[in-house]
Structures are given as C-alpha cells and as structure tokens.
Amino acid sequence: MKKSNKSTLAALCVCGVMLSMSIALSMFKLFELPLGGSVTFASALPLGLLSYRYGLKTGVPAAFLSSLFHLIRELHYLSYAKNLAAVTVIIVFDYIAAFTAVGLAGAFKNKYSGTKKSEMLTFSAGLSLAAALRFLCHFISGAVVWYELTKELSEAGDFVNRAGAVVYSLAYNASYMLPELAVCLAVGVLLCAKVNIARIGPNIM
C-alpha cells in the first residue's frame with residue numbers, strides 16, 4: 001500500500017474514532033433545557049482535539065458530520081417552527097453552523113511554541129473561539145425564531161415579553177453554553193497536563 005493511501009486510511013480512522021467519541025459523549029447530559037440546549041460531558045472535546053492535532057482541514061469536515069448527526073437526532077424540534085423560513089434558520093444556525101464551528105478549535109495551533117503552557121493556552125483559546133461562534137449561531141436562532149415560539153409555549157411568557165428577543169436569547173443560550181465551555185476547558189486542561197495533545201495520535205499528515 002502506498003504511503004499516501006496509508007495516510008488517508010489513518011486519517012479516516014482517527015476522524016471516525018473522534019467523531020464517535022463526540023457523539024457518545026453528547027448523549028451523557030448533565031442537564032437539558034426544554035426547548036433544546038444541554039450541558040454534556042465535554043462532547044466537543046474529541047473534535048477539538050482532532051482539529052488542534054490535525055488542523056482545520058480535518059477538524060471542520062468532522063464537525064460538519066457531527067452537525068448532521070445532531071440535526072437528525074433532534075428533528076422533532078423543527079415541528080415547533082411555523083414556516084419554511086423558521087425551519088431554515090433552525091437548521092442552519094442551531095445545527096449546521098453551530099456544530100461545525102466546533103471544528104475551529106484548532107485555529108490557534110500556529111501560535112503553539114512547543115511548551116506545555118503554550119499548548120494549554122492555544123488549545124483553550126481555540127475551544128473558547130469555537131464555543132463563542134457556536135453561541136453566536138444559537139443566539140441568532142433564539143432571537144429570530146425561538147423568542148416568538150417561547151412566548152407561546154412557555155408559562156413564563158410574560159417574562160419573555162418583558163425581556164425582549166435579545167435578552168431572552170442571551171440568557172437562554174448562555175445558561176447552557178457557559179457551563180458546556182467550562183466543562184470542556186476543565187477536561188481539556190487536565191488532558192493537556194497529562195499528554196502532549198499537539199502530538200497525540202498517529203502522524204497522518
């Protein structure tokens with residue numbers, strides 16, 4: 001087998017393992033909100049490691065596949081949407097864009113200087129960037145679509161009305177995205193302390 005074919009096979013195997021780990025961890029929910037959004041046991045971390053170790057060209061496509069899984073698993077949320085435009089916003093911002101953003105966790109790998117401190121900082125910065133972009137996607141969907149739906153579905157409709165779309169979406173999405181990021185950062189830093197994540201796994205480049 002040619003070296004290029006071996007590298008391709010190794011890349012597919014690594015992506016498959018990390019994607020499977022991410023999906024499995026996403027099923028272990030520390031808590032879940034009634035209209036979507038949950039805190040998992042660092043489900044973004046495997047894809048973050050993949051992106052940091054092998055680059056965005058590997059991490060982003062793997063994260064995109066993850067977004068399709070989450071969309072299929074949570075198709076029932078689309079039933080809340082009143083029209084095609086709302087369905088489109090939910091699909092694009094709550095799933096495709098939001099979960100694909102996780103693949104950007106390796107964005108600061110080029111700043112890695114070879115030290116343990118540098119590894120922790122660049123990996124944490126990448127995870128934070130990915131979480132911030134994912135939050136932005138959920139925020140847009142929350143303000144555009146879910147604000148109106150929540151006013152009708154929630155018993156706390158008066159509060160939602162008083163808060164307005166921006167405050168409502170900020171509060172709702174921050175309530176699970178901040179803990180989710182905190183869990184990922186905590187586990188990620190502990191992992192960095194134990195192994196060299198910049199070199200973890202086979203060399204498939």
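Select Ala44, Val102, Leu127, Ala130, Ala131, Arg134, Met177, Glu180, Leu181 and Cys184: these residues line the second largest cavity. A cavity is a set of points on a 1 Å grid over the protein atoms alone where a 1.4 Å probe fits but cannot get out, and lining residues have an atom within 4 Å of a point. The volume of this second largest cavity is about 110 Å³, a volume being the space filled by probe spheres set on grid points that are joined across faces, edges and corners. Its lining divides into 8 nonpolar residues, no polar ones and 2 charged ones. Here Ala, Val, Leu, Ile, Met, Phe, Trp, Tyr, Cys and Pro count as nonpolar, Asp, Glu, Lys and Arg as charged, and the others, Gly among them, as polar. H5 and H6 each supply at least two of the lining residues; helices (H or I, at least four residues) and strands (E, at least two) are DSSP runs, numbered from the N terminus.

The model is predicted: local features need pLDDT of at least 70, side-chain atom pairs count only at pLDDT 80 or more, and totals for chains, interfaces and linings use all residues. Residues are numbered from 1 along each chain as its sequence is written, and side-chain values use heavy atoms, with hydrogens and water left out.

Next, select Gly37, Phe99, Arg134, His138 and Tyr176, which lie nearest the centre of the largest cavity among its 33 lining residues. The volume there is about 410 Å³. Its lining comprises 12 nonpolar, 14 polar and 7 charged residues. H6 gives the most, with 6 residues.

Rings of Phe, Tyr and Trp (its six-membered ring) pair if their centres lie within 6.5 Å; planes under 30 degrees apart count as stacked, over 60 as edge-to-face and the rest as tilted. The count by this rule is 10 aromatic pairs.

Now select Tyr52 and Tyr112. Their ring centres are 6.5 Å apart and their planes stand at 65°, so the pair is edge-to-face. Because Tyr52 belongs to helix H2 (residues 45–54) and Tyr112 to the loop between helix H4 (84–100) and helix H5 (116–153), the pair ties together parts 60 residues apart in sequence. Tyr52 has 0% relative accessibility and counts as buried; buried means under 20% relative accessible area, exposed over 50%, and partly exposed in between (1.4 Å probe, protein chains only).

Move on to Ile200, in the segment after helix H6 (157–194). Ile200 is partly exposed, with a relative accessible area of 31%. Apart from residues up to four places away in sequence, Ile200 touches Arg53, Tyr54 and Val195, contact meaning heavy atoms within 4.5 Å. Its C-alpha atom is separated by 8.7 Å from that of Leu49, 151 residues apart along the chain.

Finally, select Ala11, Leu12, Cys15, Gly16, Leu19, Lys57, Thr58, Pro61, Ala62 and Leu65, the lining of the largest pocket. A pocket is an open set with protein on both sides within 12 Å along at least five of seven lines. Helix H1 (3–26) and helix H3 (56–73) are the elements giving two or more residues to this lining. The space in the largest pocket is about 160 Å³.
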